[in-house]
Amino acid sequence: MSWGTELWDQFDNLEKHTQWGIDILEKYIKFVKERTEIELSYAKQLRNLSKKYQPKKNSKEEEEYRYTACKAFLSTLNEMNDYAGQHEVVSENLTSQILAGLARYVQELKQERKSHFHDGRKAQQHIETCWKQLESSKRRFERDCKEADRAQQYFEKMDADINVTKADVEKARQQAQIRHQMAEDSKADYSSILQKFNHEQRDYYHTHIPNIFQKIQEMEERRIVRLGESMKTYAEVDRQVIPIIGKCLDGIVKAAECIDEKTDSQLVIEAYKSGFEPPGDIEFEDYTQPMKRTVSENSLSNSRGDGKAEPKFGGKPKGKLWPFIKKNKLSLKLGAAPEDFSNLPPEQRRKKLQQKVDELNKEIQKEMDQREAITKMKDVYLKNPQMGDPASLDHKLTEVIQNIDKLRLEAQKFEAWLAEVEGRLPARGEQRRQSGLYDAQPAPAVNNCAQARESSPDGSYTEEQSQESEVKVLATDFDDEFDDEEPLPAIGTCKALYTFDGQNEGTISVVEGETLYVIEEDKGDGWTRIRRNEDEEGYVPTSYVEVYLDKNAKGAKTYI
């Protein structure tokens, strides 16, 4: 099966077919190039997606990744980043192993094809020239033969005519002989050219064209083989990254299998545990007897036996206590948090203090390592003065030692607070009420009042504090506001559920079971303003008291 013998007369069709083959190869190159662009774009999008959902450093999101589910999600993001890298590898390998080689091969193929068809056209032109020469000699031979026949016929006519002179006859005879000789020469020339043409034609159809077409066939077959090899390489490039992609997917599965719901539940406990004991049972109160607006027998005033008169509604408190309370609340809204984390529940405070102690110890160790390095460098300078001046390190060494002393003092301060908190925290299994253990720290919520919403005038924990972005009034405004403020009337009574030590400014101490007057409801910050008598009033945690509002009082709200 050879194109030279089977397609000897299909020169133009072969030219079209080989051009079509090159077009197919260029189309495949374009396809692979677009695939590489898609792989790069996909890899870029995957990397951006992974980066988008990565936790931001030093943010709340970073703390969330303590949970096993979040860790698994972080592992998934990292594996997707590696997964994107494999798509980049695919793009690079397709470019280096297919595109670069095929681009060069196409250029070589075009040059080779051009050379072969140039040789074919040259052979065609040569045989066409031989054919024209043959046709020309043939027409000349035909013309000379006709001229010889006419000259012979004229001679015979003249020779038969008795009226023609002998000279005219001789002249006609000589003319006929000349024409006859010319015909013989034309015949010989035609015969020679014909033999030459036949020889050239045999070479053209049996040697030149078959050889040229054979080369074109081999060129085309090489193109087909090269295209097939490129397709195999295309598949192999993908196959090479399949194991690594499989490892990425296995990593995601492994991370998902490491999710432990019990561990996450325990982390929630560690994150939000307050350290308080749940409140005890509430005593039954008999409402069948008419309620008297008097201080109960077990109130703090009666228990002290001071003999003071019963408090009256509308009594004016002495002193300017409330403006200072407002100032404290204002400072909380401005974001001023106590250094000892006293605004947090005991358990959370212990964790924060422990974390601070660990951070300080790390900083101390870092400074000590730096001191050791400077000391070693100083020793080297002492032994080899040409390397440097030892005195140049004294200032730096003194600065590092001062930093160590400062950090140690700071660490001792936080360790003392930590020891205090750990001493106050109840032992596991110990059943006792934790009222008064932590200054200005409310107990667990009563009457559906969430403990997380409570805040104290001196900086106790509140969720609303972090949401305050700006304060439009200054603390001095509150002084002017409350200088001429009329005393608030009582809007109901309350009963202390637990003992509360109001040691902070603006708070008031209460004893469990004591009955007092309510002069201001909880405004959503977890504190209720109460009054014992004309001289004593202040704030207590709402969860420490049970409020009974007077429905007929002005501004009173129905207690739920």
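Student: Of the 40 residues in the largest nonpolar core, which ones touch the most other members?

Tutor: Keep in mind that this is a predicted model. Helix H2 (11-52), H4 and H5 each supply at least two residues of this core. The residues touching the most other members are Leu25, Tyr28, Val32, Leu94, Ile98, Phe213 and Ile216.

Student: And which helix gives the largest share of this core?

Tutor: Nonpolar side chains tend to be buried together in soluble globular proteins. In this core of 40 residues, 16 residues make up the largest share, and they come from H4.

Student: Which residues does isoleucine 216 touch, leaving out those up to four places away in sequence?

Tutor: Isoleucine 216 is one of the core residues that touch the most other members. With the residues up to four places away not counted, isoleucine 216 touches Trp3, Thr18, His116 and Phe117.

Student: What about tyrosine 204: how far is it from alanine 123 in space, C-alpha to C-alpha?

Tutor: Tyrosine 204 sits in helix H5 (residues 166-257) and is buried, at 6% relative accessible area. Its contacts, leaving aside neighbours within four places in sequence, are Ala123, Gln124, Ile127, Ile209 and Pro210. Tyrosine 204 and alanine 123 are 81 residues apart in sequence, yet their C-alpha atoms are separated by 6.9 Å.

Student: Over to helix H6 (residues 261-272): how far apart are its end C-alpha atoms?

Tutor: H6 has 12 residues, and at 1.5 Å a residue they should span 16 Å. The model agrees with that, since the end C-alpha atoms of H6 are apart by 17 Å.

Student: Which helices do the buried residues of H6 pack against?

Tutor: Those buried residues are Asp264, Leu267 and Ala271. They cover an arc of only 55 degrees around the axis, so they sit on the same side of H6. An α-helix has 3.6 residues a turn, so residues three or four places apart point the same way. The packing partners of the buried residues of H6 are helix H4 (68-160) and helix H9 (346-383).

Student: Which residue caps the N-terminal end of H6?

Tutor: Look for a side-chain oxygen 3.1 Å from the backbone nitrogen of lysine 262. That oxygen belongs to the capping residue, aspartate 260.

Student: How far apart are the end C-alpha atoms of H9?

Tutor: The buried residues of H9 include Leu353, Val357, Leu360 and Ile364. For the span, 38 residues at 1.5 Å a residue should give 56 Å. The end C-alpha atoms of H9 agree with this, at 55 Å.

Student: Now the strands: how many of the 6 residues of strand E2 (residues 515-520) are buried?

Tutor: E2 has partners in two strands: 4 bridges join strand E1 (residues 492-496) to E2, and 3 bridges join E2 to strand E3 (residues 527-531). Both pairs run antiparallel. E2 is largely enclosed by the rest of the structure, because its buried residues number 5.

Student: Which residue in E3 is the bridge partner of valine 518?

Tutor: In E2, valine 518 stands opposite glycine 492. E2 and E3 form a hairpin with 6 residues between them, and glycine 524 in the turn has a positive phi of about 105 degrees. In E3, valine 518 pairs with isoleucine 530.

Student: And in E5, which residue is the bridge partner of threonine 493?

Tutor: Strand E5 (residues 545-549) is mostly covered, with 4 of its 5 residues buried. It runs antiparallel to E1, and 5 bridges join the two. The bridge partner of threonine 493 in E5 is tyrosine 548.

Terms used
Residues are numbered from 1 along each chain as its sequence is written. This is a predicted model: local features need pLDDT of at least 70, side-chain atom pairs count only at pLDDT 80 or more; totals for chains, interfaces and linings use all residues. Side-chain values use heavy atoms; hydrogens and water are left out. The expected span of a helix is 1.5 Å times one less than its number of residues. Buried means under 20% relative accessible area, exposed over 50%, partly exposed in between (1.4 Å probe, protein chains only). The arc is that of the directions from the helix axis to the C-beta atoms. Contact means heavy atoms within 4.5 Å. A polar contact is a pair of N or O atoms within 3.5 Å; within protein, one must be able to donate a hydrogen and the other to accept it, and residues adjacent in sequence count only if both atoms are side-chain atoms. A nonpolar core is a set of buried Ala, Val, Leu, Ile, Met, Phe, Trp, Tyr and Cys residues joined through side-chain atoms within 4.5 Å. Two strands pair if DSSP finds at least two bridges between them.
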